[in-house]
Amino acid sequence: MSRLSAVDLSLSLGKNEGERRLEEAQERLLRLRLHLGGQIGRKELGPPLCVVFEGWDASGKGGAIKRLVAPLDPRHVRVAQFAAPTHDEKRHHFLWRFWPVLPGWGGMAVLDRSWYGRVLVERVEGFATEEQWQRAYEEVVQFERTLAAEGMLIVKFWMHVSEEEQLGRFRSRAADPLKTWKLTDEDWRNRERRAEYEDAVEEMLERTDHRAGRWTVVPGDDKRWARVAVVERVCEAVEAELDRRGWDLSAG
């Protein structure tokens with residue numbers, strides 16, 4: 001069974017439970033963020049935290065990111081979005097453009113799409129040669145291992161939705177004058193090649209899941225479930241890392 005087909009997309013949360021769990025997770029994340037930034041607890045800078053989001057078009061990345069950063073002071077977190085590389089960026093190694101947004105000690109960055117574009121859209125759409133995207137798996141893993149060796153905590157999400165749910169969200173966007181800008185001809189074209197993208201996603205999950213950068217596949221058909229799952233997973237990852245480092249999170 002493939003990793004995507006094993007995902008239970010029926011998972012859901014009721015409104016009251018969803019709001020309660022989200023509020024609890026956001027408060028938990030705020031406290032952890034203050035520990036990392038040296039504002040409370042040991043009063044020293046914690047490891048850099050980088051949260052990477054990939055997923056289908058209309059899979060809920062934006063909504064999940066919004067809930068993830070909502071409780072945080074905007075001075076303490078950077079959200080960066082990545083689309084197709086510019087002409088100048090193409091003159092460099094594909095990882096070059098991501099370095100400036102990476103967090104330093106005590107910092108946090110959230111990436112809305114990332115270096116995985118090389119083995120997803122660039123692979124499927126032919127923007128990278130086969131030699132380039134085949135080589136990229138090891139390049140990405142070594143890149144993440146290098147960051148982790150310097151202390152960075154990397155949390156990676158693939159936001160997964162069914163083909164039927166994605167179509168419903170596309171149609172909803174098309175009918176809403178305030179959301180039509182989110183839907184492009186490219187989105188519809190990508191949808192027609194979903195089988196090719198699924199193959200690329202499966203290979204990405206298999207070849208770039210490693211100890212320093214584990215993938216979490218989030219069932220996204222229910223938005224409440226997905227948003228809560230993201231915030232809770234980030235909290236769990238930070239708590240595990242700080243516990244490994246011997247930090248006392250009860251202080252402060």
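This note walks through some side-chain features of the structure above, point by point.

1. Before you start, please keep in mind that this is a predicted model, where local features need pLDDT of at least 70, side-chain atom pairs count only at pLDDT 80 or more, and totals for chains, interfaces and linings use all residues. Residues are numbered from 1 along each chain as its sequence is written, and side-chain values use heavy atoms, with hydrogens and water left out.

2. Let us begin with the aromatic rings. A search of the whole structure finds 10 aromatic pairs. Rings of Phe, Tyr and Trp (its six-membered ring) pair if their centres lie within 6.5 Å; planes under 30 degrees apart count as stacked, over 60 as edge-to-face and the rest as tilted. Ring pairs join Phe82, Phe98, Trp99, Trp115, Tyr116, Phe143 and Trp215 into a cluster.

3. Helices (H or I, at least four residues) and strands (E, at least two) are DSSP runs, numbered from the N terminus.

4. Buried means under 20% relative accessible area, exposed over 50%, and partly exposed in between (1.4 Å probe, protein chains only).

5. Now for the salt bridges, where a side-chain nitrogen of Lys or Arg lies within 4 Å of a carboxyl oxygen of Asp or Glu. By this rule the count comes to 24 salt bridges. In one of them, Glu17 pairs with Arg21, and the closest N and O atoms are 3.8 Å apart. Glu17 and Arg21 are four residues apart in helix H1, which separates them by about one helical turn. Glu17 is partly exposed, with a relative accessible area of 35%.

6. Which side chain does Arg97 meet in a salt bridge? The partner is Glu89, at 3.6 Å from N to O. Arg97 is buried, with a relative accessible area of 14%, whereas Glu89 counts as partly exposed at 21%.

7. Another salt bridge brings together Arg193 and Glu125 (3.1 Å, N to O). Arg193 lies in the loop between H6 and helix H7 (194–207) and Glu125 in the loop between H3 and H4, so the pair ties together parts that are 68 residues apart in sequence. Both are partly exposed, Arg193 at 27% relative accessibility and Glu125 at 26%. Elsewhere, Arg3, Asp209 and Arg214 belong to one network, joined by salt bridges that share partners.

8. Two backbone angles are worth a look. Lys43 has a positive phi of about 60° although it is not a glycine. Lys43 is found in the loop between helix H1 (15–36) and strand E1 (49–55), and counts as exposed at 57% relative accessibility. Arg113, also not a glycine, has a positive phi near 75°. The place of Arg113 is in the loop between E3 and H3, and Arg113 is partly exposed, with a relative accessible area of 25%.
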